[in-house]
Amino acid sequence: MANKLAPVLDKREWQITIVDQNEVHYYQPGFLFIPFGIYNREDVIKPRRDYFPSGVEVIISPIEVILPENNKVKLSNGKILSYDYLIIATGSGIHPEETEGLQNGGWQQNIFDFYTVEGAVALSNFLKYWKGGKMVLNIVEMPIKCPVAPLEFVFLADWWFTEQGIRDKVEIEYVTPLPGAFTKPIASKFLGQFLEKKGIKLTPEFSVGKVDSANNKIISWDEKEISYDLLVTIPTNMGSDVIARSDMGDDLNFIPTNPGTLQSKNYENVFVIGDATDLPSSKAGSVAHFEAEILFENFLRAIDGRELHPKFDGHANCFIESGFGKGILIDFNYDVEPLPGKFPLPGVGPFSLLQETKMNHWGKMMFRWVYWNLLLKGSELPIEAQMNMAGKKGY
Ligand SMILES: Cc1cc2nc3c(=O)[nH]c(=O)nc-3n(C[C@H](O)[C@H](O)[C@H](O)COP(=O)(O)OP(=O)(O)OC[C@H]3O[C@@H](n4cnc5c(N)ncnc54)[C@H](O)[C@@H]3O)c2cc1C
């Protein structure tokens, strides 16, 4: 947003201040590849300051609290910033402490996450020497960011164990609270077939109540038990703690947001973007990118005193790495499920929707370059912010 707004706002009237607690920025989609030695820590981290436009004030500090009634943001060192408009992009993170027993004895011994760089690196070190056994991937509860990442993880694990020559010594089980492999029915059926084809057991509708790490078992609220030798967990995802401290969020610290305009439901001069919203769209970088285009327009409308346009349609676009050098692509929004077809050029591609192709894999691998060089800099992509039905079949 800073990269989009800085060039167009009149510098005599506007001052942009960016506050983040972290000097570095993470390419989170890259965390998926670290456990399998495809990327390392350096591949997914860059200095945040390299990506800000000139003329903006950058403050690296935790935010203690937002005081939206007073239009103020208080930093952890006590400094208070005043604002006319606030854009909140505080993201979401994992909270293993929300599940009883998850962080007991087994944490980072035979229980790992890959949603943090530390977790992904620790899992990589574990997998390097693992001789095999039963690997359970468990999603604790929805929503999670990048809801396809857990599927990608088991697809890649199937490939990686095959490469290591130990696939016959590894049992893989995918345990999810959802009724199937994914959130949307058509894609869920399609992706479920891949689990079956790869010999990965799917256990749906399993809501973890606690982890018994002394006996290597996950136990559901209705007392069902699944044993594991290696547990890869996607813990509860929640919005930032500062949202709770500011009393601005729901039970999971996600901020009530207008689904079309991206304005906060409670404060007219506050906008929300990315994982921090409570919207039913996927929590994904692609979604944040499409939201940014709509928010840019609405922000300029707001400061000109115009009515906001409810144009955000929940558009998400996700490459799903499926292993063995192939990938799947899905494109959907609030109302339209992922459908087959070609993307981004209707009938031409080069990417194929809801199909497994080598080209889709290359799209996924190219995405890191696109992320660092185009997305963070606020550049346009040849993809519409709103989902396009052209090129999609079955509608
Ligand atoms: C394993 C994995 C794979 C993924 N794969 C994909 C993919 O293939 N495609 C895709 O589109 N998306 C993917 N995602 C999701 C994507 O990374 C996120 O949706 C995206 O980064 C969200 O951006 P954001 O700006 O909302 O939040 P973030 O990028 O998380 O940024 C939030 C920022 O807020 C700062 N912050 C929070 N609280 C405070 C505070 N109190 N004070 C100061 N600063 C604060 C943080 O330091 C952080 O810099 C993946 C995520 C993971 C974990």
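Biologist: Which residue stands opposite Lys342 in β23?
Modeller: In this predicted model, Lys342 faces Ser352 of β23. Strand β22, residues 341–345, is joined to strand β23, residues 349–353, by five bridges, and the two run antiparallel.

Biologist: And the hairpin of β22 and β23, how many residues sit between the strands?
Modeller: Three residues lie between them, and Gly347 takes a positive phi near 80° in that hairpin.

Biologist: What kind of peptide bond joins Gly349 and Pro350?
Modeller: That one is cis, with omega at about 15°. Pro350 belongs to strand β23, the strand that holds Ser352, the residue opposite Lys342.

Biologist: Nice. What about the bond from Met142 to Pro143, cis or trans?
Modeller: Cis again, with omega near 0°. Pro143 is in the loop between β11 (133–139) and α3. As background, most peptide bonds are trans.

Biologist: While we're on backbone angles, what is phi of Glu223?
Modeller: Phi of Glu223 is near 70°, which is positive in a residue other than glycine. You'll find Glu223 in the loop between β15 (217–220) and β16 (225–227).

Biologist: Let's switch to the ligand. Which residues come nearest?
Modeller: There are 25 residues around the ligand, and the nearest are Asp20, Arg48, Ile63, Ser240 and Asp275. By type, the shell divides into 10 nonpolar, nine polar and six charged residues.

Biologist: What does the side chain of Arg48 do there, in terms of distance to an oxygen atom of the ligand?
Modeller: An N or O atom in the Arg48 side chain is 2.9 Å from a ligand oxygen. Ser240 has a polar side-chain atom 2.8 Å from a nitrogen atom of the ligand. Gln21 uses its backbone instead: a polar backbone atom there is 3.1 Å from a ligand nitrogen.

Biologist: How much of the ligand does the protein bury?
Modeller: The protein buries 90% of the 1,000 Å² that the ligand exposes when taken alone.

Biologist: OK, sheets now. What is the order in the open sheet of three strands?
Modeller: The order is β5-β6-β7, and the pairing is antiparallel. β5 (63–67) and β7 (80–82) are at the edges with a single partner strand each, so one side of each has no neighbour in the sheet. From one strand to the next, the twist averages 20°.

Biologist: And how many bridges join β6 to β7?
Modeller: Three bridges connect β6 (residues 72–75) with β7. Lys74 stands opposite Ile80 of β7.

Biologist: What about the sheet with five strands, parallel or antiparallel?
Modeller: Parallel, in an open sheet ordered β10-β17-β11-β12-β13. Its edge strands are β10 and β13 (200–203), each pairing on one side only. Four bridges join β12 (residues 170–175) to β13, and Ile172 stands opposite Ile200 in β13.

Biologist: Last topic, aromatics. How many aromatic pairs are there?
Modeller: The count comes to 24 aromatic pairs. Take Phe114 and Phe153: their ring centres are 4.7 Å apart and their planes are at 20°, so the pair is stacked.

Biologist: Where do Phe114 and Phe153 sit in the chain?
Modeller: Phe114 is in the loop between β10 (111–112) and α2 (117–129), while Phe153 is in helix α3 (residues 149–163). The two are 39 residues apart, and the pair links distant parts of the chain.

Conventions:
Residues are numbered from 1 along each chain as its sequence is written. Side-chain values use heavy atoms; hydrogens and water are left out. A residue is near a molecule or strand if one of its heavy atoms lies within 4 Å of it. A polar contact is a pair of N or O atoms within 3.5 Å; within protein, one must be able to donate a hydrogen and the other to accept it, and residues adjacent in sequence count only if both atoms are side-chain atoms. Accessible areas come from the Shrake-Rupley method with a 1.4 Å probe; for residues, only the protein chains shown count as cover. Ala, Val, Leu, Ile, Met, Phe, Trp, Tyr, Cys and Pro count as nonpolar, Asp, Glu, Lys and Arg as charged, and the others, Gly among them, as polar. Two strands pair if DSSP finds at least two bridges between them. Axes are lines fitted to C-alpha atoms, for helices over the stretch in contact, and angles run from 0 to 180 degrees between N-to-C directions. Rings of Phe, Tyr and Trp (its six-membered ring) pair if their centres lie within 6.5 Å; planes under 30 degrees apart count as stacked, over 60 as edge-to-face and the rest as tilted.
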